[in-house]
Amino acid sequence: MVFNHTTLEHIFDIQLAFKNMCELSRDAVVLVVPVIQQIHIAPSYGDYWRVTTMGIAQLFLRHGFTPLVIKTNDQPFNPVYCFAIGVRDPEKYKG
């Protein structure tokens with residue numbers, strides 16, 4: 001399993017980063033990314049992306065993974081994050 005928590009938005013080549021995560025995983029990719037949140041800008045790092053839930057699903061599909069879970073927290077006055085799980089073999093997770 002590959003786990004990525006709130007770092008993908010800081011990588012400029014998000015397509016390559018997502019591809020690498022999928023290639024590293026034999027089974028599942030678990031991802032947490034900000035969807036609606038203040039953008040970070042600092043001399044040493046910054047945010048490049050705010051990926052939508054639909055975008056996350058398409059990234060999984062593009063790299064041969066089936067999205068099993070794509071959820072956001074429901075807090076209108078706080079940052080919104082997406083929690084997503086994509087798997088190579090969805091049959092393994094039935095039930």
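Colleague: How many cavities of 30 Å³ or more does the count give?

Modeller: In this predicted model, the count comes to one cavity of 30 Å³ or more. The volume of the largest cavity is about 30 Å³.

Colleague: Which residues line the largest cavity?

Modeller: The lining consists of Leu8, Glu9, Ile14, Val33, Pro34, Trp49, Arg50 and Val51. Six of the lining residues are nonpolar, none is polar and two are charged.

Colleague: Trp49 is in that lining. What makes Trp49 partly exposed?

Modeller: Its relative accessible area is 33%.

Colleague: Why is the aromatic pair of Phe12 and Trp49 called tilted?

Modeller: The ring centres are 6.0 Å apart, and a pair requires centres within 6.5 Å. The planes stand at 35°, while stacked needs under 30 degrees and edge-to-face over 60; therefore the pair is tilted. Phe12 lies in the loop between β1 and α1, and Trp49 in the loop between β2 and α2, 37 residues apart.

Colleague: Is Phe12 buried or exposed?

Modeller: Phe12 has a relative accessible area of 56%. Exposed means over 50%, so Phe12 is exposed.

Colleague: How do you know that Cys22 is in no disulfide?

Modeller: The count comes to zero disulfides. For Cys22, the nearest cysteine sulfur, that of Cys82, is 14 Å away. A disulfide requires sulfur atoms within 2.5 Å, so Cys22 is in none.

Colleague: Why does Cys22 count as buried?

Modeller: Its relative accessibility is 2%. Buried means under 20%, so Cys22 is buried. Cys82, at 1%, also counts as buried.

Key
Residues are numbered from 1 along each chain as its sequence is written. This is a predicted model: local features need pLDDT of at least 70, side-chain atom pairs count only at pLDDT 80 or more; totals for chains, interfaces and linings use all residues. Side-chain values use heavy atoms; hydrogens and water are left out. On a 1 Å grid over the protein atoms alone, a cavity is a set of points where a 1.4 Å probe fits but cannot get out, and a pocket is an open set with protein on both sides within 12 Å along at least five of seven lines; lining residues have an atom within 4 Å of a point. Grid points are joined across faces, edges and corners, and a volume is the space filled by probe spheres set on the points. Ala, Val, Leu, Ile, Met, Phe, Trp, Tyr, Cys and Pro count as nonpolar, Asp, Glu, Lys and Arg as charged, and the others, Gly among them, as polar. Buried means under 20% relative accessible area, exposed over 50%, partly exposed in between (1.4 Å probe, protein chains only). Helices (H or I, at least four residues) and strands (E, at least two) are DSSP runs, numbered from the N terminus.
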